[in-house]
Protein chains: 2
Amino acid sequence: MSDSVKYLLDEEHLPKFWYNINADLPEPMAPVLHPGTKTPITPDDLAPIFPRAVIEQEMSTEREVEIPKPVRDVYRQWRPSPMFRARRLEQALDTPARIYYKYEGVSPAGSHKPNTAIPQAFYNKIEGVKRITTETGAGQWGSSLALAGTFFDLEIVVFMVKVSFNHKPYRRAYMETLGAECIASPSDRTQSGRAILAEHPDSTGSLGIAISEAVELAVQRDDTRYALGSVLNHVLLHQTVTGLESIEQMQMADDYPDMVIGCTGGGSNFAGIAFPFLHQAMRDDLKTEFIAVEPSACPTLTKGAFAYDFGDTAHLTPLVKMYTLGSTFVPPGFHAGGLRYHGMAPQISHLAKLGLIKPRSYNQLECFDAGIRFAKAEGILPAPEANHAVRAAIHEAEKCRESGESKAILFNLCGHGHFDMQAYMDYKDGKLDDLSYDEGEMAMALAGLPGGC
Amino acid sequence: MSDSVKYLLDEEHLPKFWYNINADLPEPMAPVLHPGTKTPITPDDLAPIFPRAVIEQEMSTEREVEIPKPVRDVYRQWRPSPMFRARRLEQALDTPARIYYKYEGVSPAGSHKPNTAIPQAFYNKIEGVKRITTETGAGQWGSSLALAGTFFDLEIVVFMVKVSFNHKPYRRAYMETLGAECIASPSDRTQSGRAILAEHPDSTGSLGIAISEAVELAVQRDDTRYALGSVLNHVLLHQTVTGLESIEQMQMADDYPDMVIGCTGGGSNFAGIAFPFLHQAMRDDLKTEFIAVEPSACPTLTKGAFAYDFGDTAHLTPLVKMYTLGSTFVPPGFHAGGLRYHGMAPQISHLAKLGLIKPRSYNQLECFDAGIRFAKAEGILPAPEANHAVRAAIHEAEKCRESGESKAILFNLCGHGHFDMQAYMDYKDGKLDDLSYDEGEMAMALAGLPGGC
């Protein structure tokens, strides 16, 4: 047996800059619109929601954005994160493919989410903010912001999508232990939540609803801002530390990926690993493939419309042009809660529309099966979200076995599954199935897309 | 705020040898006795239970024992593990103490236990064993052997102490997901289990009972051996990678510990970090203190007898001289399941008897409180067992605040608490208290110590 290999960078190789793909887009993105006037928004429009530094990053077109020293000092606790060559998995699959994975589960919260939670908390802190509100699906993001809150002494309020709140009491316990407040969404704490509950008392919630609640709470108080864990440009920017490190680690391995794979809910972990390689591919005309993997039950990139839409259900956010299933779409309660979002990061949507990113979807059961095969080979149990990337990587490795080609496959193992054991138990006990969205509901949600923009 | 600092060794500094303290004991240990004849056991006596290589290590007095390459190749997945200077905790405590912690939660199973699970599985594999049985308390050890089983393609059967089996269904799910079989102990699968159930149908189990069951199952089949996760010399030997790495990491930090702290159940994580430093202290006549921390509700080192006793409840194991509460003692069902053992590693007992190790105990609630303070400062949520070491470290740092002394405190943060969230929820909800052992039961268990040896 030849063993799996770890590629670990020295701390001096911790990136000093994030990579901003806005500098390199082959065509400009459609502007973000004010929900009222439907004209392009200004920094002032966003000021009640985000700190100034974050708004600047959201709109920046500079290729390199400096990572502040206090953020790097916290990153250093677990970064640079390891990249592995999954030789044991290759052997188990009997494939000539070379499988690499970047492992973001080494962060204290267990996923890639602290990569953006830390800088967002930092920017809020230095601008005098006392409290941050947010939403969370599976809980990875809420946990990470709770963690950032302890490091920068900020009050954190998390609206957790109800289906995940019930599925994952231990994620909630984790956030609460770190001092955050965690509320099941839809809740009676906000007007948006109460409106949903009045119409759908049994609502299992969605990221779109939870975002509405968090934004509503944030704008009510001067000392409070809102933080988003994915979708927006600045979040994707922060995640590029992952891909920037991976570029150096692939050099250590004396190899280069033929394809880069990540799961996509809002799109940030995929962007994090893919954008720095996509930069090289665009610059040097490389044939690297970029595969964004989503659940078949929430097929934003593969079945959604490319249109202006709201980021949330109550229509408090600006309008962004993206792939979307419609902001009122509520996906079924599958276990990869972090992928239950109706929209997709505008940057990823734009690049997918241009054909630079290839979307793909898989069903729930085949993803759990892939995750368990990975765990038995590599010893790390992935989060259900990450299983989508694992599924695609295994699928590609199996294609190599058929064709005899030896491709280099790099994927982002964006988090571990320690807080997802109920899902694994349910899978093992045969209690899960391949949930489908409601066709009629999706058609209605799509029909409800805002016109006139 | 000055930030916590990580000291990470290059892979080339992964130790090539384990350190065997049997080479340096100031007085020889009492021999291990055959339970029937009460004469010193021979390697042949142990052959039905352990593979030959393990038996040799158990009896070896060579100072350095080579770590086989295939074991180092697996270690490399997460080793060398990081050591941190806990500056944020120091600031939160307003102490002049310098607090360092070695973090073993980075292993895929989340604790130090794979350090010995991997070599034990390896030695069994190369000697043709197909199946390994074991016991587990909190589940850290069972998870680690399950992990080692996947790496070396071995069948793993785990008897899990019933109170933990019920407290921690997700630990069980983790082991089962990795392909291991997990059975609540006492069980009806063995004679020892059935005997206990007949007398105490509501028994919450203990490590002593689970060991009996695992040993009984192992000796029934030629292709099966047993593995122990703590207590024995070879287990403590394997754990010394922790301390050997820490010695180099303290050099990186340009510092040296005034005290080395670890929690003690069977004693292996404490030995792992302490023995290499104790070697230096004995050799160079240093004043380093070695503090072994146990739960007040299972006070083996602080209230037990130093006597010959069985390692298990059904008296299937050899007799070893150790601190013990009596092999029939069943501690109350507190949450640090990994510390619920009636005995203590003979090496640690011997060194404590000689005054080279200082035992100490703390109550459950103050340990949870310490763990949460640590998590809020350092971002890592410790396992309830590790909270005992955290409690002692904070206690010592607080003493420094009183006295104004700046001592260097090193402790082993032997595992994370991701699978212990129920305990943290119960603590937060005020459902836990400082459980005490039953004085009468302990007196009876001590009175039942085997005589004539």
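Leaving aside neighbours within four places in sequence, which residues is Pro318(B) in contact with? The residues in contact with Pro318(B) are Val32(B), Leu33(B), Pro35(B), Ile41(B), Leu46(B), Asp309(B), Phe310(B) and Gly311(B), where contact means heavy atoms within 4.5 Å. This is a predicted model, in which local features need pLDDT of at least 70 and side-chain atom pairs count only at pLDDT 80 or more, while totals for chains, interfaces and linings use all residues. Residues are numbered from 1 along each chain as its sequence is written, chains are lettered from A and ligands numbered from 1 in the order in which they are written, and side-chain values use heavy atoms, with hydrogens and water left out.

Back to Pro318(B), then. This proline is found in the loop between strand 12 (305-310) and strand 13 (319-324) of chain B. Helices (H or I, at least four residues) and strands (E, at least two) are DSSP runs, numbered from the N terminus. With 19% relative accessibility, Pro318(B) counts as buried; buried means under 20% relative accessible area, exposed means over 50%, and partly exposed lies in between (1.4 Å probe, protein chains only).

Strand 15 (residues 408-413) of chain B comes next. Six of its six residues are buried, so strand 15 of chain B is largely enclosed by the rest of the structure. Ala408(B), Leu410(B) and Asn412(B) are buried on one side of this strand, and Ile409(B), Phe411(B) and Leu413(B) are buried on the other. Strand 15 of chain B pairs in the parallel sense with strand 5 (residues 98-103) of chain B over six bridges, and two strands count as paired if DSSP finds at least two bridges between them. Here Tyr101(B) has Phe411(B) as its bridge partner. Strand 10 (residues 259-263) of chain B also pairs with strand 15 of chain B in the parallel sense, over three bridges, and Val260(B) stands opposite Leu410(B).

Chain B also has an open sheet of four strands, in the order 8-7-6-9 and with parallel pairing. Its edge strands, each pairing on one side only, are strand 8 (181-185) and strand 9 (224-226) of chain B. On average, neighbouring strands of this sheet are turned by 25° against each other, direction ignored. For such values, axes are lines fitted to C-alpha atoms, for helices over the stretch in contact, and angles run from 0 to 180 degrees between N-to-C directions. Strand 6 (residues 131-136) of chain B runs parallel to strand 9 of chain B and is joined to it by three bridges, with Arg131(B) standing opposite Thr224(B). Helix 6 (residues 140-152) of chain B packs on the sheet and touches strand 6 and strand 7 (155-161) of chain B; the direction of this helix makes about 160° with that of strand 6 of chain B.

What about strand 7 (residues 155-161) of chain A: how many of its seven residues are buried? Six of the seven are, and strand 7 of chain A is mostly covered. Strand 6 (residues 131-136) of chain A runs parallel to strand 7 of chain A, and six bridges join the two. On the other pairing, strand 7 of chain A and strand 8 (residues 181-185) of chain A are parallel over five bridges. Val158(A) stands opposite Thr134(A) and also opposite Cys182(A) in strand 8 of chain A.

In chain B, the axes of helix 2 (residues 52-59) and helix 11 come within 8 Å and cross at roughly 85°. Helix 2 of chain B and helix 11 of chain B are therefore roughly perpendicular to each other; angles under 35 degrees count as roughly parallel, over 145 as roughly antiparallel, 65 to 115 as roughly perpendicular and the rest as oblique. Val54(B), Gln57(B) and Glu58(B) of helix 2 of chain B make this contact with Asn233(B), His234(B), Leu237(B) and His238(B) of helix 11 of chain B. In chain A, helix 15 (residues 364-378) and helix 17 (residues 421-428) pack at an angle of about 105°, their axes 11 Å apart. There, Leu365(A), Phe368(A), Asp369(A) and Ile372(A) of helix 15 of chain A meet Ala423(A), Tyr424(A) and Tyr427(A) of helix 17 of chain A.
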